[in-house]
Every structure is written in C-alpha cells, then in structure tokens.
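Hi,

Here is the structure I promised to send over. Have a look at it first, and then read my notes below.

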Amino acid sequence: MSETLAVHLVDDDAGVAEACRYLLEGLGLAVIDWRSGEDFLAGANLDEPAAVLLDMRLPGIDGRAVHERLRAADACLGVIILTGHGDIDMAVESMKRGAVDFLQKPVGARAMERALDSAFARARQCAGDRRIRDLAATLSEREREIARWVSEGLTNRGIAEALHIAVRTVEVHRSRVVEKMGAANSAELAALWQRLEA
C-alpha cells in the first residue's frame with residue numbers, strides 16, 4: 001500500500017492515546033490526536049477517506065453525540081468505537097448508527113487491524129460514491145439520459161431510437177459523458193452509472 005492512511009484518535013486519556021498512537025504508527029498509519037469531540041469536529045477533514053477511533057466518554061460532547069454529528073454531516077470517515085465502559089446495548093446502538101466496529105480497551109493489534117481495514121474500506125467506498133455523485137451532477141439532463149442508456153447496454157443506434165435523435169448526436173453526448181465522468185471508456189461509464197444508481 002503506497003498511501004499513508006490517517007487515523008483520527010479522539011480520546012481525552014493521554015495514556016490511552018499514547019498507547020494507541022504507538023500501536024497505530026507501528027501499523028504504518030498517520031495518527032492525528034484530538035482530546036475532545038468539539039476539537040475533532042472543528043478541525044478534522046470529514047470528507048477524507050480516513051478512520052476515527054472514537055472514545056465514548058469525552059469531555060464536552062460525548063462520543064455518541066460526535067458520531068451523530070458525523071452522520072448528520074454525511075462524513076466519509078470509518079468510525080470505530082473504542083471504549084473502556086461499553087456494554088452490549090451501546091455496541092448494538094453504535095453499529096446501528098453505522099460504526100464499523102466496537103472495541104473494548106485495551107485492544108490487541110489484530111482486532112485493531114481488522115477494525116481499521118473495515119473502516120478504511122467503508123471510507124474509501126463513501127469517498128468514491130461521493131466523487132461519482134459530484135461528477136454526475138455536472139451532466140446535463142440529456143447527458144444523464146445517455147449515461148443511463150449506456151449503463152443498460154444500449155448501442156448508439158439503440159439510444160438514438162429510444163430518444164428520437166440522430167446517432168451522431170448520441171455519439172457526441174456519449175463522448176462528453178465519458179469525459180465528464182472521468183471514465184476510460186463506455187464500459188467504465190456503465191459501471192460508474194450502475195454504482196451511482198445502486
């Protein structure tokens with residue numbers, strides 16, 4: 001893996017934070033420490049594909065409230081709850097809210113690695129989906145129609161007949177859509193559009 005992945009560590013306990021930092025840096029990850037939920041929400045890039053290790057007991061707003069605000073902000077961070085005071089109800093509630101894992105302190109390296117793999121996978125998926133939505137938002141209504149037909153496997157002639165326009169017009173629109181969506185070809189465009197509408 002060539003990119004250095006980031007982990008936001010939100011925990012007010014300096015000893016726990018230091019132990020986690022040691023473990024995470026040993027896994028080759030960049031660690032960003034936050035001592036409160038407010039500081040984290042104000043200072044972190046919520047759109048980056050990263051992970052968050054979130055303690056539930058924090059000064060000011062607690063981990064539950066931080067998690068809710070991340071959801072409200074449609075953040076692309078994979079959330080892992082890390083607590084020394086958890087119970088089954090809290091774990092179930094956190095998972096229902098979208099946390100990728102719920103870990104009890106102290107946590108071992110293997111459990112942490114598994115949770116981080118899930119968090120990064122979810123964060124990348126979210127960032128990729130958001131990028132596709134943003135690119136699709138730049139398309140005209142006609143271009144969106146063309147993309148939809150391409151995703152259903154229609155040829156230029158088939159699209160032209162469906163939309164009652166010239167084949168050449170379809171070719172021009174199709175070319176623009178492929179370019180605007182950053183696709184290498186029509187097959188990739190079809191895959192992107194299917195992911196968008198899934």
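**How H5 and H9 meet**

Helices H5 and H9 sit roughly perpendicular to each other, since an angle of 65 to 115 degrees counts as such. Their axes cross at roughly 105 degrees and come within 10 Å. For orientation, H5 covers residues 109-136 and H9 covers residues 186-197. Keep in mind that this is a predicted model.

Which residues make the contact? On the H5 side they are Gln125, Gly128, Asp129, Ile132, Arg133 and Ala136. H9 brings in Leu192, Trp193, Arg195 and Leu196. By type, the contact of H5 with H9 splits into five nonpolar, three charged and two polar residues.

**The chain as a whole**

Stepping back, the protein chain has five strands and nine helices. Going along the sequence, the order is β-α-β-α-β-α-β-α-β-α-α-α-α-α. The chain is more spread out than a compact globule, because its radius of gyration is 22 Å, well over the 16 Å that the globule rule gives for 198 residues. The C-alpha trace spans about 70 × 30 × 30 Å along its principal axes.

A few more numbers on packing and surface. Out of 198 residues, 40% count as buried. Among contacts with a separation of 6 or more, 61% come from residues 24 or more positions apart. The accessible surface of the chain is about 10300 Å², and carbon and sulfur atoms account for 50% of that.

Cheers

Methods: Residues numbered from 1 in each chain as written. Predicted model: local features only at pLDDT ≥ 70, side-chain atom pairs only at ≥ 80, totals over all residues. Heavy atoms only, no water. Axes fitted to C-alpha atoms, helices over the stretch in contact; angles between N-to-C directions. Helix = DSSP H or I, 4+ residues; strand = E, 2+ residues; numbered from the N terminus. Parallel < 35°, antiparallel > 145°, perpendicular 65-115°, else oblique. Contact = heavy atoms within 4.5 Å. Nonpolar A, V, L, I, M, F, W, Y, C, P; charged D, E, K, R; others polar. Rg over C-alpha atoms; globule rule 2.2 N^0.38 Å. Buried < 20%, exposed > 50% of the residue type's maximum accessible area, 1.4 Å probe, protein only. Areas by Shrake-Rupley, 256 points an atom, 1.4 Å probe, with all protein chains shown as cover.
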